[in-house]
Amino acid sequence: MPTTAPPDTLAELRRTVISRLRLAGVDTPVLDANVLFGHVLGIAPEQVALRANAQLGPEDLRAIEAVTQRRERREPVAYITGRKAFRRLEIAVNRDVLIPRPESELLVEVGLELWDASPGAALVEIGTGSGAMALALADERPDRCVVATDCSYRALQVAGSNARRLQLADRAEFRLGDGSADVSLEGAAVLANLPYIPTAVLDTLEPEVSRWEPRLALDGGPDGLAVIRRVVAQVGRGRARAAAFEIGVGQSEAVAALLRAAGFVRTAVFRDLAGHPRVVSGTRVS
């Protein structure tokens, strides 16, 4: 039985991979192909198209086929490469943690404002996952330290590894715990990107999310607010000075009301670059 010869050049193979990803339903086949080729070949994605006439050896061909098959199964590119850019950092990720999103950078910006408003206050992140936000905060405020918690031991292993690789372990402390348990919040600024997707919605999301990312970090219960509701109450009882939460569609008014009921009388809503309400903050009156 005759076999199909492999493409002669990188450009030919790249065209084939882009076509395969498009047929698999991938929204960004060109971008993803460039990232995957760059990952295998050890070059920047933007350099891939510049090597159109390059000849690929058997090992490279096998590696490109392997990552292509993974992406055809709709595995997120970040899990395939093991890395995701966030703010000024490159964060290592695996299936034990959510992939950091650009939208969450807004929560970091709000957190920096809240932190800067009280220079002597502690900053606590609840539900740190990969540690992306805690490490971004530590990186951008090198004279200060962050305490971050997560209820997943495996997630904290990823966060701790990121802290050591980025040489931020002396400024970011990671603790295993449910919400803010065993963490002093008195006068602190608190950030949290908690599960906020309603349970019934999870299986309707794109396969990259519904099939691959950890359900524990996504499932917000029947209305999407079960975890946020519980943590807002914890933060209120802990007498934090300020708190900010990332939210989903249609949740801004409900979360602002929860914060006010917990003692954060001044609330604000911040929109992401697409214009959607993405972060709700609350502060106490001195």
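1. Two strands are taken to pair if DSSP finds at least two bridges between them. Helices (H or I, at least four residues) and strands (E, at least two) are DSSP runs, numbered from the N terminus. In the present structure, strand 6 (residues 189-192) and strand 7 (residues 242-246) pair in the parallel sense over 4 bridges. Within this pairing, Val190 stands opposite Ala243 in strand 7.

2. The model is predicted: local features need pLDDT of at least 70, side-chain atom pairs count only at pLDDT 80 or more, and totals for chains, interfaces and linings use all residues. Residues are numbered from 1 along each chain as its sequence is written, and side-chain values use heavy atoms, with hydrogens and water left out.

3. The open sheet has 7 strands in the order 5-4-3-6-7-9-8, with mixed pairing. Strand 5 (172-176) and strand 8 (266-271) stand at its edges, each with a single partner strand, so one side of each lacks a neighbour in the sheet.

4. Helix 7 lies across strand 3 (123-126), strand 4 (146-150), strand 5 and strand 6. Its direction is at about 175 degrees to strand 4 (axes are lines fitted to C-alpha atoms, for helices over the stretch in contact, and angles run from 0 to 180 degrees between N-to-C directions). Helix 11 (residues 226-237) lies across strand 3, strand 6 and strand 7, at about 170 degrees to strand 7.

5. Of the 9 residues of helix 7 (residues 132-140), 8 are buried, so this helix is largely enclosed by the rest of the structure. Buried denotes under 20% relative accessible area (1.4 Å probe, protein chains only). Among the buried residues are Met133, Leu135, Leu137 and Glu140.

Conventions: Buried < 20%, exposed > 50% of the residue type's maximum accessible area, 1.4 Å probe, protein only. Contact = heavy atoms within 4.5 Å.
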